[in-house]
Amino acid sequence: MSKQSKLIARMRASPQSVTYTELFNFCCDIFAEPRQRGTSHAVFKMPWAGDPRVNIQKGSGGKAKPYQVGQVVIAYDKLTKEADNG
């Protein structure tokens, strides 16, 4: 199982255990570099209009915010589904 596969499985099972750095690096690998960075948010451009959008920020203790982890999982699923169908 690849590193990304292990992380996405952990993101699904326990979103509160994901660090911001893990989530940020995953997003960079999957969605490319963020279009906005340098503020408290990292905003990633999606190949579709509207939701799900990927906009992440650090939570307390260096953790990612669980609801944002969920948004990343939804966007990842949509992206992989489109890739499988296209």
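Trainee: At what angle do helix α1 and helix α3 pack?

Mentor: This is a predicted model, where local features need pLDDT of at least 70, side-chain atom pairs count only at pLDDT 80 or more, and totals for chains, interfaces and linings use all residues. Residues are numbered from 1 along each chain as its sequence is written, and side-chain values use heavy atoms, leaving out hydrogens and water. Helices are DSSP runs (H or I, at least four residues) numbered from the N terminus, and axes are lines fitted to C-alpha atoms over the stretch in contact, with angles from 0 to 180 degrees between N-to-C directions. For α1 (residues 3–13) and α3 (residues 66–85), the axes lie 9 Å apart and the angle is about 125°.

Trainee: Is α1 oblique or parallel to α3?

Mentor: Angles under 35 degrees count as roughly parallel, over 145 as roughly antiparallel, 65 to 115 as roughly perpendicular and the rest as oblique. The angle here is about 125°. Therefore α1 is, relative to α3, oblique.

Trainee: Which residues of α1 make the contact with α3?

Mentor: Contact means heavy atoms within 4.5 Å. On the α3 side are Val-69, Val-72, Val-73, Tyr-76 and Asp-77. Their partners in α1 are Ile-8, Met-11 and Arg-12.

Trainee: How far apart are the axes of α1 and helix α2?

Mentor: Helix α2 covers residues 20–31 and packs with α1 at an angle of about 125°. Their axes are apart by 11 Å.

Trainee: Which residues in α2 does α1 meet?

Mentor: From α1 come Gln-4, Leu-7, Ile-8, Arg-10 and Met-11. In α2 they meet Glu-22, Leu-23, Phe-26, Asp-29 and Ile-30.

Methods
Helix = DSSP H or I, 4+ residues; strand = E, 2+ residues; numbered from the N terminus.
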